[in-house]
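Reader: Please take me through this chain one feature at a time. For each feature I would like the general idea, then the case at hand.

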Amino acid sequence: RNIQYPISNTEYNKTPGSIRLVSVARISPEKGTLHALRFLKEIKEGKIHYDLYGPVYNEAYWKECTEVIATLPPNVTVTWHGPVDGERVGEVLSKAHFLLMTTEGENFGHTILEALSAGIPVIISDRTPWRDLEAKKAGFDLSLDDAAAFIHVLKQAVAMDDPEWTELSAGALAQAMEYISDQ
């Protein structure tokens with residue numbers, strides 16, 4: 001009941017009580033999709049839409065994901081779009097308020113840099129090189145072992161208004177520019 005397939009409804013302003021999240025990664029245990037779904041299951045207020053882009057690399061894992069999706073509260077909708085062409089990633093990211101990636105580990109995290117470059121703040125695990133994002137007003141890097149922290153930040157993101165989100169968006173872009181200009 002909670003899984004949908006591609007929709008065309010783009011929100012550019014951040015309205016309190018509503019959020020669009022996106023993940024661009026293969027559906028596999030190391031990318032941690034299940035963590036994100038379990039965190040979202042705990043959020044009963046607000047309107048949350050989570051767009052998943054990426055191929056299913058592990059059918060058993062995807063089955064686990066769809067089982068959790070089926071138990072999500074009615075305010076949370078997940079849309080799996082399948083793989084996305086590299087040249088469309090920027091467009092896909094630009095339709096979201098936050099990149100949500102609860103990865104088990106990234107050596108770099110190209111999608112994270114792409115999101116930041118598009119002015120999309122990120123909510124990610126602390127298992128990437130992208131750290132101290134909250135202090136830089138570019139997003140959040142949180143421990144996968146601290147579900148309460150993820151749930152708190154996601155609730156905060158849902159409640160966020162446009163001026164708060166715009167500040168994080170500017171911080172995300174600044175973080176990307178700082179990285180790109182660093183020799």
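Reader: What share of the 183 residues of the chain counts as buried?

Author: Buried means under 20% relative accessible area, exposed over 50%, and partly exposed in between, with a 1.4 Å probe and protein chains only. By that cut-off, 51% of the 183 residues are buried. The model is predicted: local features need pLDDT of at least 70 and side-chain atom pairs pLDDT 80 or more, while totals for chains, interfaces and linings use all residues. Residues are numbered from 1 along each chain as its sequence is written, and side-chain values use heavy atoms, with hydrogens and water left out.

Reader: How many helices and strands does the chain have?

Author: Helices (H or I, at least four residues) and strands (E, at least two) are DSSP runs, numbered from the N terminus. The chain has six helices and seven strands, in the order β-β-α-β-α-β-α-β-α-β-β-α-α from the N terminus on.

Reader: Where is glycine 32, and is it buried or exposed?

Author: Glycine 32 lies in the loop between strand E2 (18–24) and helix H1 (33–41). Its relative accessibility is 0%, so glycine 32 counts as buried.

Reader: Which residues does glycine 32 touch?

Author: Contact means heavy atoms within 4.5 Å. Leaving aside residues up to four places away in sequence, glycine 32 touches Tyr61, Thr102 and Thr103. Glycine 105 is 73 residues from glycine 32 in sequence, yet their C-alpha atoms are 8.9 Å apart in space.

Reader: Which residues of H1 are buried?

Author: An α-helix has 3.6 residues a turn, so residues three or four places apart point the same way. In H1, Thr33, Leu34, Ala36, Leu37, Phe39 and Leu40 are buried. Their cover includes E2, strand E3 (47–53), helix H2 (59–69), strand E4 (76–82), strand E5 (98–101) and helix H5 (147–159).

Reader: At what angle do the axes of H1 and H2 cross?

Author: Two packed helices are described by the angle between their axes and the distance between the axes. Axes are lines fitted to C-alpha atoms, for helices over the stretch in contact, and angles run from 0 to 180 degrees between N-to-C directions. The axes of H1 and H2 cross at roughly 10° and come within 10 Å. That makes H1 roughly parallel to H2, a label for angles under 35 degrees.

Reader: Which residues of H1 and H2 meet?

Author: From H1, Thr33, Leu34, Leu37 and Arg38 meet Tyr61, Glu64, Cys65, Val68 and Ile69 of H2.

Conventions: Parallel < 35°, antiparallel > 145°, perpendicular 65-115°, else oblique.
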